[in-house]
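Morning, everyone. Please bring the model up on your screens, and we'll walk through it together.

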Amino acid sequence: MFINQKKNLRYVLPFAVSMLAPAAAYACATCGCSLSTDAAMGYSAETGWRISLDYTFINQNQLRNGSSSVSNAQTAAVNDAGGSQEVERQTVNRYINLGIAYSPSPNWNISAIIPYVSRSHTTYGSVTSDQLDASHVSGSSNTGLGDIKLIGSYQGILPTHNLGIQLGIKLPTGNYGGQNTLTGATVGRNPTFFSTGPNASDGQALDTSLQPGTGSTDIILGAYYYQAISQNFDAFINGQFQSAIHENLNQAGGDYRPGNISTVSFGVRYEANPKVVPQLQINLTRKSADQGALADTAGTAGRVAYLSPGISVAVLDNMQIYGFVQKSIYSQLTGYQLFPRWTASIGATYAF
């Protein structure tokens, strides 16, 4: 595919931007947050600025355990033996991410992702089969700024600039927190409380993992590689690891640490027509359990694989739009977790 150095360099900057991608910006358990937007953004290593905007919709409406969905009868009987597992009903997530990137040279890139989170959540609580009805449904909704990520990328390792490494940080800019399990006092910064149902009557806060932010400062490590594999097909692979290094929620009965997240994405792009580029990704995610008194340690870990077809279209010389759909092809989840049957993302990027 690549017949000269300039065309080769078209691949670099989107990796630098997209390794910030929505995956770790979302405060979900093990859900559909793993799409790599690198291939979708349109590739360029030219110096200058790049602005991107994307929207992702994730409807977690299927209760799953292990590798299987949970039937209505199984859901009703989760706590019949005296268990205390929360039986969640639905979580609808909408994310808007503003990306700003600056490349002073083909070797370096500095990027930021500023997320806006809109989430509604309903749950039955720790019910038994004779309580699984509308009278036991509690609901909440929250909107606001999420956790901002800043990443520096270096892609000067090879003369072709098709191998890069990244170092970044996630900041605790989104509202976060909950209620201290020992004192009942509110901890964190403006956490969301339930607004309807029994949980609202009891003055309960929304789960800490479902707040707009996590309250933690995280380190982000990443790497990427791409290669033309034929005249019309290009392939890529990238990976990222994110781990909390400081938690603002650190008091007895009010501590919380989000689980580590590892993601790997690989895929191909068909570039016979550079203005309309179909593409296919496979996205792998592994998340360890959240920790602390405010964590759902039993229901926040797992491994997931997604198949993600999509397309990008050049609408102007410096502007690309894209759309993707994700479908889970494998999941192994701990406890009982709400999971999306599919997710969708659309976005645009403009270089200047």
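Some ground rules. This is a predicted model, where local features need pLDDT of at least 70 and side-chain atom pairs count only at pLDDT 80 or more, while totals for chains, interfaces and linings use all residues. Numbering runs from 1 along each chain as its sequence is written, and side-chain values use heavy atoms, with hydrogens and water left out.

Cores first. A nonpolar core here is a set of buried Ala, Val, Leu, Ile, Met, Phe, Trp, Tyr and Cys residues joined through side-chain atoms within 4.5 Å. Buried means under 20% relative accessible area, exposed over 50%, partly exposed in between, with a 1.4 Å probe and protein chains only. The largest core has 7 residues: Leu-63, Val-70, Val-78, Val-87, Tyr-124, Val-137 and Leu-338. A second, separate core has 6 residues, among them Tyr-176, Val-187, Tyr-256 and Ala-295.

Now His-121. It sits in strand β4, residues 108–125. Strands are DSSP runs (E, at least two residues), numbered from the N terminus. His-121 is buried, at 2% relative accessible area. What does its side chain make a polar contact with? The side chain of Thr-91, at 2.7 Å. A polar contact is a pair of N or O atoms within 3.5 Å; within protein, one must be able to donate a hydrogen and the other to accept it, and residues adjacent in sequence count only if both atoms are side-chain atoms.

Next, the strands. Pairing needs at least two DSSP bridges between two strands. β4 and β6 pair antiparallel over 6 bridges, with Ala-112 opposite Leu-150 in β6. β6 also pairs antiparallel with β7, residues 163–170, over 6 bridges. There, Gly-152 has Leu-167 in β7 as its bridge partner. β6 has a covered face of Lys-149, Ile-151 and Ser-153, and an uncovered one of Leu-150, Gly-152 and Tyr-154.

Last, salt bridges: a side-chain nitrogen of Lys or Arg within 4 Å of a carboxyl oxygen of Asp or Glu. The whole structure has 4. One joins Lys-170 and Asp-147, 2.7 Å from N to O. Lys-170 is in β7 and Asp-147 in the loop between β5 and β6, so the pair ties together parts 23 residues apart in sequence. Lys-170 is buried at 1%, and Asp-147 is buried at 3%. Another links Glu-271 and Arg-269 at 2.9 Å, both buried. Lys-287 also bridges to Asp-290 at 2.6 Å, and both of those are buried too.

Technical notes
Helices (H or I, at least four residues) and strands (E, at least two) are DSSP runs, numbered from the N terminus.
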